[in-house]
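Trainee: I would like to learn how to read the features of a structural model with some care. Could we begin with helix packing and then go on to charges and backbone geometry?

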Amino acid sequence: MMGEDRRFGLGASIALTLASTLLWGVAHLAAERRRTGLALMAVYVLMLAAVLTVFTAFSTNLLSLAVQPRWLIWLTVALVVIALLWTGVIIWSFLLVRPARSDTVGRFLTTTLAIALCALVLAPTAYATRLAYLSRDVVNTLFLPSNSATPVMAQDPWNGAERVNFLLLGGDSAPSRPGVRTDSMTVASVDVETGATVLFGLPRNLQRVQLPDGPARDRFPFGFTGSGPDTPGLLNEVFQYAEDNPDLVPGVAKGRRGPALLKQTVADMLGIPVNYYAMVDMKGFAEIIDAMGGVQVTIKEPIVYGRRREGLLPAGTRKLSGEEALWYGRSRTDSDDYVRMGRQKCLLNAVAKQADPMTVLNSFERLAAATKRAISTDLPQDLLPAVVDLSQKVKNAKIRSLNFVPPLISTADPDWYLMRRKVADALEEHSSTKTAPAHSPSATPGADSPVNLDATCA
């Protein structure tokens with residue numbers, strides 16, 4: 001029987017339409033379509049059970065799936081199919097239980113209710129689909145296409161290595177000079193089993209850096225010296241110099257020459273392989289912070305900023321805008337490179353801790369756009385699930401830091417042997433204490449022992 005035959009009143013029509021939205025099949029049972037109603041109920045219960053199973057049994061893998069374009073496509077398709085089915089059930093239920101044709105007001109109210117319920121289902125789906133599209137766009141823009149047809153999670157993503165080493169760069173540019181200077185350089189050496197991390201900080205002004213064997217070493221046999229007064233030959237110039245001189249890294253495409261040469265240079269310098277790099281452009285980083293709504297840091301001493309000293313960041317705990325955070329990490333007025341290195345690490349640490357899921361969701365579109373402009377990396381897409389899993393381990397593990405700054409290392413005349421020995425000692429110390437209770441060593445940046453990063457970021 002149709003709704004008109006049963007002559008449902010306004011109240012019953014509204015109640016049954018709402019009930020059918022929450023549990024498919026209620027309106028059909030009321031309209032004496034028992035088989036259809038029971039079938040819809042069964043489908044609805046199975047669908048809910050499947051969703052709950054995914055979000056409980058596979059909750060630890062959801063973030064890994066979110067960085068895989070193929071899974072994002074399937075997620076989008078599934079969301080759209082469920083939303084269309086749900087909308088169809090709402091409309092079907094409404095048609096069965098709507099008031100008689102003679103009840104004009106009742107029909108208008110129930111029709112309005114049905115439209116509102118359909119919108120309530122479709123709007124979140126449209127938003128989730130938009131987020132999935134943006135996520136897929138970010139992944140495809142930032143990360144290299146996968147080279148392997150075999151899913152990386154079915155293999156050992158780290159090829160049997162105990163540690164994986166990432167070169168983390170902060171790139172800065174200025175109107176008065178072309179190109180990018182990598183003023184912040186840190187190698188993060190991560191234990192793939194536990195996530196325990198040692199950070200090796202490299203000052204931007206290391207001189208006469210030994211370049212790798214080949215065309216680069218042939219041009220600078222006694223260490224990198226730059227190409228003139230505007231490039232005095234510091235470590236932070238190697239990236240851009242490689243980009244401007246293709247013959248130094250033959251066979252490597254533009255945009256990849258700088259990372260390739262700098263990775264190998266740093267690897268030789270520290271005596272460990274550098275597997276991947278990620279660079280954050282400082283101006284784009286400011287956009288990311290603005291998209292987050294600012295970042296809260298504790299400033300120990302007032303920081304003068306601006307090219308004409310027109311600004312001041314007072315001491316204390318405060319929320320910084322993107323521009324203020326940029327100067328917090330960039331300013332050297334009344335301080336030096338080594339103080340700035342410490343502030344940059346504190347800033348990155350604060351952003352990582354404050355980028356909670358709600359903040360990310362609320363500003364996802366702005367964050368996605370800023371991220372595409374601010375970050376470059378050579379991580380392949382098929383490694384992203386493993387990197388996400390590793391990042392969760394790092395979040396709960398101990399992070400220690402060793403900065404190669406004076407008095408440990410003279411930037412004008414670096415002792416490369418000493419640097420490699422300190423790196424080996426730091427990693428050996430970590431291996432020997434791997435199963436020991438966690439403790440924070442008492443030391444200061446630049447001393448012989450690694451130190452806890454958080455100790456410098458009060």
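Mentor: Let us begin with what a packing angle is: the axes are lines fitted to C-alpha atoms, for helices over the stretch in contact, and the angle between the N-to-C directions runs from 0 to 180 degrees. Keep in mind throughout that this is a predicted model.

Trainee: At what angle do helix α11 and helix α13 pack, and how far apart are their axes?

Mentor: Helix α11, residues 282-292, and helix α13, residues 337-354, pack at about 35°, and their axes are 12 Å apart. The contact is made by Phe285, Ile289 and Met292 on the α11 side, and by Leu347, Leu348, Val351 and Gln354 on the α13 side. As for its hand, the crossing of α11 and α13 is left-handed.

Trainee: How many helices and strands does the protein chain have?

Mentor: The secondary structure of the protein chain comes to 17 helices and 11 strands. Of its 458 residues, 47% count as buried, and among the contacts with a separation of 6 or more, 67% are accounted for by residues 24 or more positions apart.

Trainee: Where does the UniProt record place the feature "transmembrane region"?

Mentor: The unreviewed UniProt entry places this feature at residues 12-31, 38-59, 71-96 and 108-127, and such annotations may be inferred rather than shown by experiment. In the model, residues 71-96 are 100% helix and 0% strand, with the end C-alpha atoms 37 Å apart. Residues 108-127 are likewise 100% helix and 0% strand, and there the end C-alpha atoms are 28 Å apart.

Trainee: Let us turn to charges. How many salt bridges does the structure hold?

Mentor: The general idea is that side chains of opposite charge can pair when their charged atoms come close. The structure holds eight salt bridges, and one of them joins Lys372 to Asp137, with the closest N and O atoms 2.5 Å apart. This pair links distant parts of the chain, since Lys372 is in helix α15 (residues 364-374) and Asp137 in helix α7 (residues 104-142), 235 residues apart. Lys372 counts as partly exposed, at 31% relative accessibility, and Asp137 counts as partly exposed too, at 23%.

Trainee: Which residue forms a salt bridge with Asp378, and are the two buried or exposed?

Mentor: The partner of Asp378 is Lys263, and the closest N and O atoms of this salt bridge are 2.7 Å apart. Asp378 lies in the loop between β9 (375-377) and α16 (384-395), whereas Lys263 belongs to helix α10 (residues 257-270), so the pair ties together parts that are 115 residues apart in sequence. Both Asp378 and Lys263 are buried.

Trainee: Which residue forms a salt bridge with Arg373?

Mentor: Arg373 forms a salt bridge with Glu287, the closest N and O atoms being 2.5 Å apart. Here too the pair links distant parts of the chain, with Arg373 in helix α15 and Glu287 in helix α11, 86 residues apart. Arg373 is exposed, with a relative accessible area of 54%, while Glu287 counts as partly exposed at 32% relative accessibility.

Trainee: What is the nearest side chain of opposite charge to Glu237, and how far away is it?

Mentor: The case calls for the cut-off: a salt bridge needs a side-chain nitrogen of Lys or Arg within 4 Å of a carboxyl oxygen of Asp or Glu. Glu237 is buried and has no salt bridge, the nearest side chain of opposite charge being that of Arg181, 5.2 Å away. Glu237 is placed in the loop between α8 (215-219) and α9 (238-244), and, leaving aside its neighbours within four places in sequence, Glu237 is in contact with Arg181, Phe224, Gly226, Thr231 and Pro232.

Trainee: Finally, the backbone. Which peptide bond is cis, and what is the phi of Glu32?

Mentor: As background, most residues other than glycine have a negative phi, and most peptide bonds are trans. The bond from Pro406 to Pro407 is cis, with omega near 5°, and Pro407 is found in the loop between β10 (399-403) and α17 (416-432). Glu32, although not a glycine, has a positive phi of about 65°, and this residue is found in the loop between α3 (26-30) and α4 (34-57). Arg208 also has a positive phi, near 50°, and its place is in the loop between β3 (197-202) and α8.

Conventions: Residues are numbered from 1 along each chain as its sequence is written. This is a predicted model: local features need pLDDT of at least 70, side-chain atom pairs count only at pLDDT 80 or more; totals for chains, interfaces and linings use all residues. Side-chain values use heavy atoms; hydrogens and water are left out. Helices (H or I, at least four residues) and strands (E, at least two) are DSSP runs, numbered from the N terminus. Buried means under 20% relative accessible area, exposed over 50%, partly exposed in between (1.4 Å probe, protein chains only). Lys and Arg count as positive and Asp and Glu as negative; His and the chain ends are not counted. Contact means heavy atoms within 4.5 Å. A crossing is left-handed if the near helix is turned anticlockwise from the far one by less than a right angle, and right-handed if clockwise.
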